[in-house]
Every structure is written in structure tokens, then in C-alpha cells.
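Hello,

Here is the structure I promised to pass along.

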Amino acid sequence: MADALGPRLYCCYKCQNVVSRHDDIISKGFQANNGRAFLFSHAMNITLGSKEDRHLITGLHTVADVYCSDCSELLGWKYERAYEESQKYKEGKFILEKFKIVKENW
């Protein structure tokens, strides 16, 4: 009956600002600097850092860090550009580190 409470949400672990919806998860199989991370199609109530090229596990990407718009905590990054064809599906998507987000309405 989770729907009776509204959508299942993910919030910033520090300030409880809503940053994404459970329905926007594409994959839970990602790895970030500090452990597991989720790939989301959308994120909200965030600010983006400047774009920069980074060598990640899956190759070179242009990314922008994702910060909570309320408390400025670094939550993950947004894929702006993927240089390898097999990674193009990540463009415009968001990585949020699992330990930086908490569940709400579960």
C-alpha cells in the first residue's frame, strides 16, 4: 500500500530534501567512489557543478557533480557526455550514491 502515501522518494541523507523518485531508478548496479550508487533518469532539488572530463570505470565521460540544493552536500554526478558508443545511454542521467540518499514514504 505504499501508493496510498504517495510516490516512494529518495532524499538527501543530511537535510531530507527530496532529490529523486524510486520510479526514476534505471539501475542499482553502479559503483561510485564510496560504494554502491543508483542510476536515475531524473533528479530534483539539486544544483550542478561545472562540467569536467573524468576517467571512470567505463571510460571517459563529461560529468557535472550533483549537489543538494538545500544543504549543498555532494550526492553524485550527472553524465553530460559519454565518449564511447556503448555508454551513450548514460547521457543526461544521474548517479546518486546510495549512502547519500535515504528513503521516504516506504
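Let me start with a pairing: cysteine 12 has isoleucine 101, in strand 9, as its bridge partner. Strands here are DSSP runs of E with at least two residues, numbered from the N terminus, and two of them pair if DSSP finds at least two bridges between them. Strand 1 and strand 9 are joined by four bridges in the antiparallel sense.

Before going on: this is a predicted model, where local features need pLDDT of at least 70 and side-chain atom pairs count only at pLDDT 80 or more, while totals for chains, interfaces and linings use all residues. Residues are numbered from 1 along each chain as its sequence is written, and side-chain values use heavy atoms, with hydrogens and water left out.

The pair belongs to an open sheet of three strands, in the order 2-1-9, with antiparallel pairing. Its edges are strand 2 (18-21) and strand 9 (101-104), each pairing on one side only.

Then there is asparagine 45, in the loop between strand 4 (35-40) and strand 5 (46-56). Its side chain reaches the backbone oxygen of valine 18 at 2.7 Å. Leaving out residues up to four places away in sequence, asparagine 45 touches Asn17, Val18, Val19, Tyr67, Cys68 and Ser69; a contact means heavy atoms within 4.5 Å. Asparagine 45 and asparagine 17 are 28 residues apart in sequence, yet 7.2 Å apart in space, C-alpha to C-alpha.

Phenylalanine 40 has contacts beyond four places in sequence too, including Tyr10, Phe94, Leu96 and Ile101.

Best wishes

How values were computed:
Polar contact = N/O pair within 3.5 Å; in protein donor to acceptor, adjacent residues only side chain to side chain.
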